Amino acid sequence: MAVPKRKMSRSNIRHRRAQWKAATPRPVPITVDGTTYLVPQRPAKAHERGLLRPGG
């Protein structure tokens, strides 16, 4: 594992942390009972496989 040779300044740590962003999940259209909804991809796959109960 990589180990830093010297202590990193607080400013450098914060600048590095500021660059780390998680991307928002893109919505995917699914159709339930004739109505189209935009949901994140993981619940959409679960719906296709029949893992989600209707109405709850």
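1. Keep in mind that the model is predicted.

2. Lys7 sits in the segment ahead of helix H1, which covers 10–18. Is Lys7 buried or exposed? Lys7 has a relative accessible area of 83%. The cut-off for exposed is over 50%, so Lys7 is exposed.

3. Now the overall fold. How many helices and strands does the chain have? There are two helices and two strands. In sequence order the pattern reads α-β-β-α. The radius of gyration is 21 Å, whereas the globule rule gives 10 Å for 56 residues. The chain's value is well over that figure, so the chain is more spread out than a compact globule.

4. The dimensions of the trace come next. Along the principal axes, the C-alpha trace spans about 60 × 20 × 15 Å.

5. On burial and surface: 7% of the 56 residues count as buried. The accessible surface of the chain is about 6000 Å². Carbon and sulfur atoms account for 54% of that surface.

6. Ala46 deserves a look. This residue belongs to helix H2, residues 41–48. Why does Ala46 count as buried? Its relative accessibility is 16%, and buried means under 20%, so Ala46 falls in the buried class. Trp20 is 26 residues away from Ala46 along the chain, and their C-alpha atoms are separated by 29 Å.

7. Turn to the loop between the strands. Strand E1 covers 27–32 and strand E2 covers 35–40; Asp33 is found in the loop between them. What is the phi of Asp33? It is positive, about 55 degrees, although Asp33 is not a glycine. Most residues other than glycine have a negative phi. Asp33 also counts as exposed, at 77% relative accessibility.

8. Last, Pro40. This residue is placed in strand E2. How accessible is Pro40? Pro40 has a relative accessibility of 38%. Ser11 and Pro40 are 29 residues apart along the chain. The separation of their C-alpha atoms is 36 Å.

Conventions. Residues are numbered from 1 along each chain as its sequence is written. This is a predicted model: local features need pLDDT of at least 70, side-chain atom pairs count only at pLDDT 80 or more; totals for chains, interfaces and linings use all residues. Side-chain values use heavy atoms; hydrogens and water are left out. Helices (H or I, at least four residues) and strands (E, at least two) are DSSP runs, numbered from the N terminus. Buried means under 20% relative accessible area, exposed over 50%, partly exposed in between (1.4 Å probe, protein chains only). The radius of gyration is taken over C-alpha atoms; the globule rule is 2.2 Å times the number of residues to the power 0.38. Accessible areas come from the Shrake-Rupley method with a 1.4 Å probe; for residues, only the protein chains shown count as cover.
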